[in-house]
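Please work through the exercises below with the sequence and the model side by side, trying each task before reading its solution.

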Amino acid sequence: MTSADLNSDPRTDSLADSAYSLIRNRILDGDLGVGAPVSVLGLATDLEMSRSPVRNAVERLLSERLLRRVAGTIAVAAPDRYELLDSLAVRTQLEALAARLAAPRIDEQTLEELVVIHDRFRDSVDSGDQDGARRADSDFHHAIQDLAGNECLAESLERVRTQVILGAYATAWVTSRGPAVLEHERVLRALQDQDGQAAEAAMIRHLDNLTTRITREWRAQDTAEDATTKRRSTPRASGTGR
């Protein structure tokens, strides 16, 4: 046992874990917006905690890149497009592995739970409930991650998925939801058949398509912004008629 272990206070560790979970959930739920400044004192006051556990939680979130130091302050991270694409590339491979490992482990109860989550996702998309669709989408992927039964994979996925979620707040891709319903159904069918290779392939296709839809939307946004800038910079012709 080290001196650090002897000096560790379980109560402080528990409070730090609680502060970490509360702050992290606020970030991922969008309550603390991308780029929003945060402070240990402000968070401690808001959470009605002492500063020590909140400070520990903030340091942990900094190490996970959910928070970043910006010009001497701390703010919610705002991944740029390149960071988001990097995270999506890694997520694709990890999620595909999770689907392959999950397929032979699925049972009737877990399958029913996935079907309920998928139905909730589809209904939210159909009704235009973006928040509901986002939560159901996250629940679907989390359920497959948990079913895979690999703690190392789960930890790696959790970290990279947070970067994708932050990128989702910084970049809208509403058009991705409709096609994702059909792609989830393909993953679900492969899991139902306990076909690991098919589940892996369906997950790769789903997330590759998501990346394609996101980059397509970026191009559309850039084109619209360029057109707006061009209109604003073009001088109006002065009238010469009497």
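The model is a predicted one, in which local features need pLDDT of at least 70 and side-chain atom pairs count only at pLDDT 80 or more, while totals for chains, interfaces and linings use all residues. Residues are numbered from 1 along each chain as its sequence is written, and side-chain values use heavy atoms, with hydrogens and water left out.

**Exercise 1. Describe the protein chain as a whole.**

Begin with the secondary structure, where helices (H or I, at least four residues) and strands (E, at least two) are DSSP runs numbered from the N terminus. The protein chain has 10 helices and 3 strands, and along the sequence they come in the order α-α-β-α-α-β-β-α-α-α-α-α-α.

Next, turn to burial, for which buried means under 20% relative accessible area, exposed over 50%, and partly exposed in between (1.4 Å probe, protein chains only). Of the 242 residues, 38% count as buried.

Finally, take contacts, meaning heavy atoms within 4.5 Å. Among contacts in the protein chain with a separation of 6 or more, 74% join residues 24 or more positions apart.

**Exercise 2. Locate Leu166 and Arg161, and decide whether each is buried or exposed.**

Leu166 lies in helix 8 (residues 151–170), and because its relative accessibility is 0%, Leu166 counts as buried. Leaving aside neighbours within four places in sequence, Leu166 is in contact with Ile27, Val34, Arg65, Leu66, Val76, Ala77 and Pro79. The C-alpha atom of Ala77, which is 89 residues away from Leu166 along the chain, is separated from that of Leu166 by 7.3 Å.

Arg161 also has its place in helix 8, and with 4% relative accessibility Arg161 counts as buried. Setting aside neighbours within four places in sequence, Arg161 is in contact with Arg91, Glu95, His141, His142 and Gln145.

**Exercise 3. Find the surroundings of Ala199.**

Ala199 is placed in helix 10 (residues 196–233) and is buried, with a relative accessible area of 0%. Apart from neighbours within four places in sequence, its contacts are Ala99, Ala103, Ala190 and Leu191. Ala199 and Ala96 are 103 residues apart in sequence, yet their C-alpha atoms are 7.4 Å apart in space.

**Exercise 4. Examine the positive phi values of Ala71 and Gln194.**

Ala71, which is not a glycine, has a positive phi near 50°, and it is found in the loop between strand 2 (67–70) and strand 3 (73–76). At 81% relative accessibility, Ala71 counts as exposed.

Gln194, likewise not a glycine, has a positive phi of about 55°. Gln194 is found in the loop between helix 9 (177–192) and helix 10, and is partly exposed, with a relative accessible area of 41%.
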